[in-house]
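Please open the model in your viewer and keep the selection panel at hand. The stops below are meant to be followed in order.

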Amino acid sequence: MGDDTPVDTREFVEELKKQASLVSESESGDVSSDRQSWAAGPGDTSGYEWDPVRQGWFPKVGWFQPDPEKNPNVYVSGLPLDITDEEFVELMSKYGIIMEDPDTHGRCCYLKMASVHLAIDLLDEAEYKKSTLHVEQAQFNMKGNYNPALKKKKKKKKKKQGKQQEKLLDWVDRDNRRPKNERVIVIKNMFDPKVFEKDPQLIITTRNDLRKECEKFGDVRKVIVFDRHSEGICSVAFKEHPPADACLERMNGRWFAGRRLAADRWDGVSNFNIQESDKDLKDRMANWEKFLYGEEDEEKSATSTATPQGANS
């Protein structure tokens, strides 16, 4: 180029030539130490390795040991061969809250470091089911050689540690939580299904009356009238357990429309729906049609006004 080339342009061209020469040096493997030291700094390459493809220093990737002051894992050896997972959990939970489900291979992960020290101090060299246990902080060793080119194995997604710790530290006694089916109260002998066949509107009336009465105990989610069940069954689902308990105590043995009720908790299995046969459906529809057209009332009236034979003799 001539001297009339702008200074900025000449500097740019020189920089391009310099970069091209560096690339050719890196491809041939002849890279100066000055060039390699620019990313990590002079004399600071102990924790780094040179990547010839990406042309830079990057942290070395490999196996590492967790900080002993932050490693909440313990390893128990000498366990009996017949120990179960439940027995191991019961044994290790005496010394603190367990973060992950332990296994009978001997590893146990605690929530707090204090539990690690407590388990080592109290359980190490202790006798358990005629076996002498040895407890120490877990050490993690790599099997084989580390190969960063291999793809990582996909692990099952776990809940976030924060939420898991929150659940472990809350005040809810989760092992004693009552099942949902105990919020449903089943009441028998509420009605005669034959009455509903004659007047289906009574189904709605019965359901509304029962809901109104049960709402005195608490929030009612759902009321079902099993109108074809021979035992006259209704079910009431509450939002919480205490209102269901109160309903059970109050409704069991109570009288309703001249009928003595029997209340109990739903077992979570029983199905009170009754499948109607084709004949029953046909008869019910025929009776319902008579009811709509008033023919049923006419038949009753004709029967009541008819004079029995020989009544006037």
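Which residue in β7 does Tyr75 stand opposite? Select Tyr75 and look across to β7, where Glu136 stands opposite Tyr75. Before going further, please note that this is a predicted model, in which local features need pLDDT of at least 70 and side-chain atom pairs count only at pLDDT 80 or more, while totals for chains, interfaces and linings use all residues. Residues are numbered from 1 along each chain as its sequence is written, and side-chain values use heavy atoms, with hydrogens and water left out.

**The sheet**

Next, select residues 73–77, which form strand β3, joined to the antiparallel β7 by four bridges; strands here are DSSP runs of E of at least two residues, helices are runs of H or I of at least four, and both are numbered from the N terminus. Two strands count as paired if DSSP finds at least two bridges between them.

**A buried histidine**

Move to His229, in the loop between β9 (220–225) and β10 (234–238). His229 counts as buried because its relative accessibility is 10%, where buried means under 20% relative accessible area, exposed over 50%, and partly exposed in between, with a 1.4 Å probe and protein chains only. The side chain of His229 reaches the backbone nitrogen of Glu231 at 3.1 Å. Leaving aside neighbours within four places in sequence, His229 is in contact (heavy atoms within 4.5 Å) with Phe191, Pro193, Phe272 and Ile274.

**Two positive phi angles**

Select Asn189 in the loop between β8 (184–188) and α6 (193–198), where phi is near 65°, a positive value in a residue other than glycine. Asn189 is partly exposed, at 26% relative accessible area. Finally, go to Ala257 in the loop between β11 (255–256) and β12 (259–260); its phi is near 55°, again positive in a residue other than glycine, and Ala257 is exposed, with a relative accessible area of 68%.

Technical notes:
Polar contact = N/O pair within 3.5 Å; in protein donor to acceptor, adjacent residues only side chain to side chain.
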